[in-house]
Amino acid sequence: MRRNRVALAVAMAFPLALTAQAQTLPSSAASATDAPVKALGVVTITSGQPTSLPTQIPTTMEGVTREQIEQSVNATDSEDALKYFPSLLVRKRYVGDYNHAVLSSRASGTGNSARSAVYADGILLSNYLGNGVGGLSFPPRWGLVTPEEIERVDVMYGPFSAAYPGNSVGAVVDYVTRMPTQFEAHAKAGYVSQPFELYNTHATYRAWQTSASVGNKSGDWSWWLNFNHTDSHGQPLTFATRLLSTGVTGSAGVAVTGAVLDKDKSGNPWYILGTGTEYHTVQDHVKLKLAHELTPTVRATYTLGLWQNTSEGRPVSYLRDAAGQPVTGGVVNINGQSFAALTGGDFALTHESLMHAMHGLSVKSHAQGVFDWEVAASLYDYGRDSKRQNAAANTLPGAATGGAGTLADGSGTGWATLALKGIWRPEGVKGAHIVDFGYQQDHYKLRYLTSAIAGNWTTDAPGALASNVQGHTQLQSLYAQDAWALAPKWKTVLGARAEQWTASDGLTAFSAASALNFPTRRERFISPKAALSYQWAPGTVLKAATGRAVRMPTVGELYGATSSTNSQYINDPALRPEKSWTTELSAEKDLGNALLRLTFFSENVRDSLYSQTTFDPLANKNISRVQNVGRIQTQGIEAAFNGVDVFKKGLDLNASVTYADSVIKANAGFVNVAGDTLGKQQPNIPKWRATALASYRFNERWTASLGARYSGRQYRTLDNSDTNGFTYQGVSPYFTTDVRVRWQVSKQLTAAFGIDNLNNDRYWNFHPYPQRSYSAELKFDL
């Protein structure tokens, strides 16, 4: 988004360096006290609310402020704030998507959630218990931040700071949430309606949201409370299918109508028999933030976040017998061909109940003298995490009221982080060197027990063991980086990160007799970083950055073998860490009221960690398998424009275009035959993508925005055999437009109306994305 508009609007506890960016904000979004000081590809701002992103790194950063989100983005979830960032995409399928909303970036696709780092006020939200989805799901915990909390969002592209682990190779996202300076209270109500037409589904799906927040500052204490309730019914996401080639000519089975003939992702004809997963999710979020000024230069902050979710997944059969009744089980006959019996895996029912808690505690100094320090710790706990599902042999309609099934319990899973940080300014605040250094320890614990239920899957206690996976990983790190103004027009940042990774207590069991215990693994790595900026002209900055990143295997990839009625995940305890070198070269031109940036980026990855999901028609399951891919090379170029009062006063414009050529260069593995992945495109990385957002302020009361997003053709499989993207399990190109109109009714009351996917593009990323959706909201600010 408009990077300097972000820089000017931010509130920071001490000077922060962002990328070269110098725009002038309207008076409503910035004050004279926030005026930037720009030099050597860095903007330094002094103000009130800090970001967790590192200081003094001359590399690509983007951001968006609360005011920009409210004016121009239809934001129902926190990840919507990233909608128009260059090269970023969140695979959000419906309002409140809690298990598949993975962040992708320049060279990391929507199957690689462990290749980005998402934080809220420096507290880790990324879920490094696993990678992507398949068996279990590991997107960032977006639900622990609501749109109403956001003060701004900052994004750093690439692994160029030694302060972050190798997961930062794609991008680092930091949500900075509100902390009041005086009493304030807010309330908001929102509604979304999505008419949906696909195959034989013709329905409207709706979501309701309400939120309230209150906070104050009194003396040395400040506090903030936020409540949010979401009730969302999403469109169908999965579909029961039968390949036409598997049919047997004859009269066997129940003759049915209603099946829809389509083609699968490889172009093979198949029948769509009905929908599989249609979520109705009810979520509640509570956030408490406390801050105390221990001294004029030392602040303690505590954050508590609670998130609960009750969700039901429901199927709908398209098939009807001669009497017009739904058919959900047994052998079926379609147009004179019989097909394998329908099972509980085709039309699965799920009940999920989750209660997660997040704690964060930090004590931080901001003296701005020779030395500042911070001690920070966080804990994320799966207090309750259960999923009930009917068994394959337990079909509808009987499965709706009971029968056999499974109970998957992930309670006790979670992670904990500890960070000790320091900033040394050997020559004072305006010295030639600023040194960041620290120690970090991150610990991840996976506990996932699946039990069979013989009686009533909806209510009964767990029975016999179906599967049990456990394990721990730990990352201990030391880092240091020195920002050195080596000459009047030159600045460099040199750093390194030393890491020790340990995987232990791995267990995979599908019965008491089949338990496998895995030995402890321990490995060490060093990742150097370097960045350089040159003030080529008063309004032009040239920058270069390079860095090594080591992305460690997650505990889920190592030990998390799972199997359910309709899916299976195959782990690999011998996975090698993923090692990459990333480089970017940028030129940034200050145009006065706008900033133009051109960035060349390159990434070379060895032993890339990849999870692939394929449908096995014989097992009638989605099978996911994790593996190392020998080498993937990505080269690309990104252009971004951010302007205020472009062409006329009140018109703000930001746009980006990205080209990326991401190719598999070496791979000992294969999909069908040896070598069938060599020279193929990396999955989920389109060659072309673009964003644009125009926002216009008619007057003090009315604003309107028009946004657009484009993504070109891409593949989901390593051998690029999925040539048909416009189907279930395919990945399609898309072009969508969004509009939003906001009316400041009074000083306290604001109303907004928006339409996402205005042109009603029907596009896919394994699942169908939302079609045209209408949103309305009413907000009260005291």
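I started with Thr60, which sits in the loop between strand E3 (42-45) and strand E4 (61-65). Strands here (E, at least two residues) are DSSP runs, numbered from the N terminus. The model is predicted: local features need pLDDT of at least 70, side-chain atom pairs count only at pLDDT 80 or more, and totals for chains, interfaces and linings use all residues. Residues are numbered from 1 along each chain as its sequence is written, and side-chain values use heavy atoms, with hydrogens and water left out.

Is Thr60 buried or exposed? I found Thr60 buried, with a relative accessible area of 0%; buried means under 20%, with a 1.4 Å probe and protein chains only. The side chains of Thr60 and Glu584 make a polar contact of 2.8 Å (a pair of N or O atoms within 3.5 Å, one able to donate a hydrogen and the other to accept it).

Next I looked up cavities. A cavity is a set of points on a 1 Å grid over the protein atoms alone, where a 1.4 Å probe fits but cannot get out. I noted 14 cavities of 30 Å³ or more.

Key: Helices (H or I, at least four residues) and strands (E, at least two) are DSSP runs, numbered from the N terminus. Buried means under 20% relative accessible area, exposed over 50%, partly exposed in between (1.4 Å probe, protein chains only). On a 1 Å grid over the protein atoms alone, a cavity is a set of points where a 1.4 Å probe fits but cannot get out, and a pocket is an open set with protein on both sides within 12 Å along at least five of seven lines; lining residues have an atom within 4 Å of a point. Grid points are joined across faces, edges and corners, and a volume is the space filled by probe spheres set on the points.
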